[in-house]
Amino acid sequence: MSDPEILSVLRPDGTADPAHDPGLSDPEMLSLYRHMVLLRAFDEKAVALQRSGRIGFFVPSTGQEACSIGAGHAVCEGDWIFPAYRDHGVGLMRGYPLAAMVGQILGNTSDATRGRQMPNHWCDRAIHLVSVSSPVATQLPHAVGAAYAAKLRGERIAVLTTFGDGGTSTGDFHAAMNFTGVFRLPVVFFCENNRYAISVPVEHQTATGTLAEKARAYGLPGVRVDGNDVLAIRKAVGDAMDRARAGEGGTLIEALTYRMGPHSTSDDPTVYRSDEEVSAWREKDPIRRFAAFLKGRAVLADPAAEEASARETVRKAVETAESAPAVPLSSMFEDVYSEIPWHLAEQRDSLLSGKG
Amino acid sequence: MAEVTLIKAINDALATEMTRDPSVCVLGEDVGLDGGVFRATEGLLKRFGPGRVVDTPLNEVGIVGMSIGMAMNGLRPVAEIEFSDFIYPAFDQIVSEMSKMRYRSAGQFTAAVVLRAPSGGGVRGGHYHSQSPEAYYIHTAGLVVVMPSTPADAKGLLSSAIRGEDPVIFLEPKALYRTVKGEVPQGEYLVPLGVGRIVRPGDDLTLIAWGAMVPVAEKAAAAAASEGVGVEIIDPRTLWPLDIEMIESSVRRTGRAVVLHEAPRTCGFGAEISALIQERCFLHLKAPVGRVTGFDTPFPYALEKSYLPDPERTLRAIRASMAF
Ligand SMILES: Cc1ncc(C[n+]2csc(CCOP(=O)(O)OP(=O)(O)O)c2C)c(N)n1
């Protein structure tokens with residue numbers, strides 16, 4: 001694999017490389033850390049809920065917290081986010097409340113989207129967090145359109161869209177990159193190269209040495225970054241978002257990371273990857289790495305206490321959300337159209353009256 | 001004969017056909033090492049090697065388009081799409097290319113591809129893992145559309161599809177993958193395409209159902225029997241071209257028909273079957289043709305049990321027809 005420079009900030013000795021340090025304040029860094037810990041606690045709880053049959057499915061992001069949280073922190077008010085199903089951390093970082101996430105995975109009346117979609121498919125218009133779709137990479141051209149609209153109105157905003165290495169194989173990826181280059185749009189393509197699309201390794205998605213180099217073909221800069229280094233992610237995505245807001249166009253960022261758990265709760269990763277590979281990456285755990293740095297700077301006192309408190313926060317959120325009632329039957333027929341047409345009204349009435 | 005699950009029967013058909021004919025290849029996302037997301041291709045990579053069991057990049061256009069070229073040049077590709085909901089990026093390749101290759105080249109080229117895709121709801125998959133898209137493909141000239149409901153049919157129909165000369169959309173009811181078991185003949189086994197199956201004989205009403213709705217139909221028919229109504233269940237197995245003769249002769253005898261499917265009602269395949277019955281059996285009908293279907297909404301996650309037709313809803317349609 002050819003290896004152009006990989007942006008990295010957190011050094012093995014627990015210090016930060018001053019050349020690329022994004023220069024966050026201590027409270028900001030502590031907030032990044034706490035969100036990473038909260039994200040992991042949420043993922044662990046959600047997987048446990050699935051295993052005990054209380055939710056149907058879940059896609060964990062364990063191992064990729066630096067990507068989600070670092071990128072999420074680079075998003076400013078007014079920016080838009082078009083995430084993939086694994087990037088709930090971006091929303092969490094942007095203020096999408098934990099309670100709303102828990103509600104969504106349960107799919108009862110505590111879900112703002114009314115139990116319509118599987119877990120991991122959230123959205124919140126207020127923070128420009130766009131509805132997640134299951135088909136891979138369909139959100140990328142949407143990000144382009146939102147960026148175009150903003151540019152047309154003269155808004156100085158950036159659009160962040162996230163996806164995996166498998167996503168770069170799709171037609172949607174190529175269409176979106178090409179349009180972004182041609183129209184010089186403020187879109188940041190954040191690819192989390194976690195090395196696998198379910199079982200298929202990245203070498204099977206592309207014959208190029210890097211994913212970042214694909215940017216060249218569309219007239220965009222391509223950047224590689226250490227995906228387990230939250231400060232490096234913050235720096236790379238922050239710079240790209242700044243460039244986009246300044247009217248200088250889009251960027252493709254390839255973050256080199258690893259999903260430590262399964263692809264989803266339906267997946268058995270032992271079929272396609274070795275224990276050695278997984279444990280080598282476990283050593284690079286993004287949360288532990290950041291904790292070491294923060295401890296060195298005396299910003300963080302007790303990681304174990306932080307983790308316990310995150311777990312407790314999640315437990316409470318689940319307890320509250322689980323007590324909400326089921327979504328009403330009639331809601332199935334709402335929001336299909338702006339107004340309920342005759343055929344849906346008929347179908348609804350027959351279902352509710354038990355005659356259908 | 002051994003009792004196996006429907007998914008195992010599909011695996012068996014693939015292995016049997018690959019052994020019989022070296023031009024049969026399997027391709028798709030995760031079909032190799034992982035054995036497919038539902039394990040339909042488990043063990044094939046080991047037996048037949050990476051030349052014939054191909055993990056592709058994540059691109060449905062590529063999978064379908066490449067399969068078409070493989071078929072035009074002497075191979076027999078069986079492509080897996082992980083969920084029928086993810087075929088749409090390749091829709092153009094299917095409806096404009098694969099389906100029309102024979103017609104537009106006056107038979108010089110054909111695209112005998114088998115596209116396998118898990119379909120339908122009932123597994124808490126939300127709308128991106130639950131849709132029933134058969135009507136789109138039935139509406140497209142040149143495609144054969146198949147949906148098995150038993151392990152033996154899954155093996156026999158898939159084997160026939162692989163040997164056939166036409167492109168086949170092979171929709172697998174994922175809700176039945178591991179919930180039904182049945183006897184499956186070992187070795188080569190064919191169920192002809194285009195021939196339906198009488199699931200249960202009866203004299204009072206014809207109930208037409210396919211895929212995961214067949215077990216629902218059976219429950220409803222059992223309940224109707226206890227009310228003295230003899231329901232004949234027909235599973236067309238090949239949805240298109242349809243075994244219209246089997247349906248026609250049944251409806252002429254019973255005088256009543258209900259179509260049961262989980263796809264949305266409007267322009268669903270039930271509408272076509274209902275029109276066919278009306279055209280061909282009008283003077284024999286004692287009641288309008290009934291339809292029990294999914295609703296015209298996107299497939300809902302939390303309310304999927306209410307969305308999917310169940311034996312009670314089916315029984316109500318049977319009663320309504322009887323009481324007409
Ligand atoms: C168009 C499409 N095809 C297939 C799938 C099934 N599928 C779900 S996730 C996935 C792998 C995606 O991998 P990647 O893009 O690398 O993202 P990651 O899951 O690694 O974050 C596949 C093949 C899908 N969701 N959409």
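**Helix packing, sheets and interface**

Modeller: Helix 1 of chain A and helix 4 of chain A are roughly parallel to each other. Keep in mind that this is a predicted model.

Colleague: What makes helix 1 of chain A and helix 4 of chain A roughly parallel?

Modeller: The angle. Helix 1 and helix 4 (residues 98-106) of chain A pack at about 20°, and their axes are 12 Å apart. Angles under 35 degrees count as roughly parallel, so the term applies to this pair. The crossing of helix 1 over helix 4 in chain A is right-handed.

Colleague: Which residues of helix 1 and helix 4 of chain A meet?

Modeller: Helix 1 of chain A brings A:Leu38, A:Phe42, A:Ala46 and A:Leu49. Helix 4 of chain A answers with A:Leu98, A:Met101, A:Val102 and A:Ile105. By class, that gives eight nonpolar residues, no polar and no charged ones.

Colleague: On to chain B. At what angle do helix 1 and helix 7 of chain B cross?

Modeller: At roughly 30°, with the axes of helix 1 and helix 7 (residues 151-163) of chain B coming within 8 Å. The crossing is right-handed. Helix 1 of chain B contributes residues including B:Leu6, B:Ile10 and B:Arg20, while B:Leu158 and B:Ile162 are among those from helix 7 of chain B. The contact divides into nine nonpolar, two polar and five charged residues.

Colleague: How do you know which strands are the edges of the seven-stranded sheet in chain B?

Modeller: Start with the order, 3-2-4-5-7-6-12, in an open sheet with mixed pairing. Strand 3 (53-55) and strand 12 (238-240) of chain B each pair on one side only, and these are the edge strands. Direction ignored, neighbouring strands are turned by 20° against each other on average. Helix 1 (residues 6-20) of chain B packs on this sheet, touching strands 2, 3, 4, 5 and 7 of chain B.

Colleague: How do you know that strand 6 and strand 12 of chain B pair?

Modeller: Count the bridges. Pairing takes at least two bridges, and two join strand 6 (residues 144-146) to strand 12 of chain B. The two strands run antiparallel. B:Val145 stands opposite B:Trp240 of strand 12.

Colleague: In what sense do strand 10 and strand 13 of chain B pair?

Modeller: Parallel, over four bridges between strand 10 (residues 205-209) and strand 13 (residues 257-264) of chain B. B:Ile208 has B:Val259 as its bridge partner. The five-stranded sheet of chain B is open and mixed, in the order 9-11-10-13-14. Its edge strands are strand 9 (197-200) and strand 14 (290-294) of chain B.

Colleague: And how many residues does each chain give to the contact?

Modeller: Chain B gives 33 and chain A gives 43. The buried area is about 3,000 Å², with 62% from carbon and sulfur atoms. In chain B, B:Leu58, B:Tyr301 and B:Leu303 lose the most area to chain A, together 22% of what that side buries.

Notes: Residues numbered from 1 in each chain as written. Chains lettered and ligands numbered in written order. Predicted model: local features only at pLDDT ≥ 70, side-chain atom pairs only at ≥ 80, totals over all residues. Heavy atoms only, no water. Axes fitted to C-alpha atoms, helices over the stretch in contact; angles between N-to-C directions. Contact = heavy atoms within 4.5 Å. Buried area = accessible area lost by both parts, 1.4 Å probe. Parallel < 35°, antiparallel > 145°, perpendicular 65-115°, else oblique. Left-handed = near helix turned anticlockwise from the far one by under 90°. Nonpolar A, V, L, I, M, F, W, Y, C, P; charged D, E, K, R; others polar.
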